[in-house]
Amino acid sequence: MAGDVVAVGPQVGDFAIGDRVTALAFAGAYADLVVVPTLTASRIPEHADYVQAAALVRSGHVALAALSTAEIAVAESVLLTGAASGVGHLAVQLAKAEGITRVVAAVSTAEKADFVRGLGADEVVVYHDESWGDPVDVVLDAVGGDLLPRAVAALRPGGRLVFFGSGGGTVPAFDLLAGSKTITGLTMARFAATRRELYDRHHRRLWHLHRAGQLRAAIHAEIPLSDVATAHEIIEARANHGKVILRP
Ligand SMILES: NC(=O)c1ccc[n+]([C@@H]2O[C@H](COP(=O)([O-])OP(=O)(O)OC[C@H]3O[C@@H](n4cnc5c(N)ncnc54)[C@H](OP(=O)(O)O)[C@@H]3O)[C@@H](O)[C@H]2O)c1
């Protein structure tokens with residue numbers, strides 16, 4: 001979320017009334033005014049607008065946290081499910097910006113395949129493709145559900161999968177044993193609270209890449225909060241290429 005600091009109580013920390021800020025609210029953000037923890041609040045740099053700020057801070061942090069959780073090295077390969085989504089399309093750009101040589105984007109449709117190819121993905125697969133290409137070192141899974149076992153199967157022996165989607169999913173533990181594979185869960189609320197130094201470094205990295213023109217949030221739609229149902233229809237239809245933004 002992004003907006004101005006307004007006067008509702010004593011000044012907190014370094015913030016001043018009128019500062020343009022973003023924050024991860026985690027809940028209760030469908031409102032004109034929101035109280036947020038200072039932990040994840042930060043000023044928006046002058047070169048950025050509210051829309052880019054909301055998209056980058058809400059979704060870019062998830063992408064960077066997932067890459068960090070995987071402890072991925074530049075020589076390794078990564079496959080991203082839901083690669084055209086709000087988080088996924090930034091993860092494609094961030095993985096390339098970090099120098100990862102083989103970034104495989106997995107999506108549900110040919111239109112989304114074109115979209116993620118345009119973001120710099122080295123390989124693109126559509127879920128129903130028989131093969132997802134050569135096995136990868138790391139999967140960042142934003143989808144889960146029926147796709148999770150397939151995502152685990154896409155890992156090479158010893159590979160790591162970071163799961164952060166809300167789709168759940170089941171994997172036979174023997175598949176992990178047989179391939180010496182690892183699945184790690186990620187929630188942003190815990191990451192921001194417990195890995196503060198890394199979170200701050202990610203924050204600087206997001207804005208650095210944005211300023212350098214290497215990272216841009218694609219905005220699928222900007223919708224007024226009063227029409228929030230339309231935003232949910234887009235997301236439920238899995239129609240968005242990039243981020244859907246609500247405007248208060
Ligand atoms: N762990 C955390 O802290 C955290 C933080 C932020 C977001 N998330 C989660 O990360 C995921 C991605 O977030 P986002 O903001 O990028 O989401 P989003 O823009 O709404 O995109 C979600 C994408 O998931 C794919 N998908 C596959 N099966 C789906 C289904 N049955 N219903 C809906 N979508 C389905 C769709 O892409 P395809 O059509 O290409 O499959 C869809 O576009 C979500 O599950 C979200 O809840 C987790």
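Trainee: Where domain 1 meets domain 2, how many salt bridges does the rule find across the interface?

Mentor: The rule finds one there. Keep in mind as we go that this is a predicted model.

Trainee: Which stretches of the chain make up the two domains?

Mentor: The domain assignment gives 2–58 + 195–247 for domain 1, and 60–190 for domain 2. Taken over C-alpha atoms, the centres of the two domains are 24 Å apart. Their contact takes 24 residues from domain 1 and 23 residues from domain 2.

Trainee: How should I read the area that the two domains bury between them?

Mentor: The size of an interface is often given as the accessible area lost when the parts come together. In this case, domain 1 and domain 2 bury about 1,900 Å² between them, with 60% of it on carbon and sulfur atoms. On the domain 1 side, the residues that lose the most area to domain 2 are His202, Arg238 and His241, together 26% of what that side buries.

Trainee: And how many residue pairs are in polar contact between domain 1 and domain 2?

Mentor: The count is 10 residue pairs, both residues at pLDDT 80 or more.

Trainee: Let's turn to rings. How many aromatic pairs does a search of the whole structure find?

Mentor: The search finds one. Tyr127 and Trp132 form this pair, with 6.4 Å from centre to centre. Their planes are 45° apart, and the pair is tilted.

Trainee: Are Tyr127 and Trp132 buried or exposed?

Mentor: Both Tyr127 and Trp132 are buried.

Trainee: Where does the charged end of Arg20 sit?

Mentor: You will find that end of Arg20 over the ring of Tyr50, 5.3 Å from the ring's centre.

Terms used: Residues are numbered from 1 along each chain as its sequence is written. This is a predicted model: local features need pLDDT of at least 70, side-chain atom pairs count only at pLDDT 80 or more; totals for chains, interfaces and linings use all residues. Side-chain values use heavy atoms; hydrogens and water are left out. Rings of Phe, Tyr and Trp (its six-membered ring) pair if their centres lie within 6.5 Å; planes under 30 degrees apart count as stacked, over 60 as edge-to-face and the rest as tilted. Buried means under 20% relative accessible area, exposed over 50%, partly exposed in between (1.4 Å probe, protein chains only). A charge sits over a ring if NZ of Lys or CZ of Arg is within 6 Å of the ring centre and within 35 degrees of the ring normal. Domain bounds come from an automatic or database domain assignment. Contact means heavy atoms within 4.5 Å. Buried area is the accessible area (1.4 Å probe) that two parts lose on being put together, summed over both. A salt bridge is a side-chain nitrogen of Lys or Arg within 4 Å of a carboxyl oxygen of Asp or Glu. A polar contact is a pair of N or O atoms within 3.5 Å; within protein, one must be able to donate a hydrogen and the other to accept it, and residues adjacent in sequence count only if both atoms are side-chain atoms.
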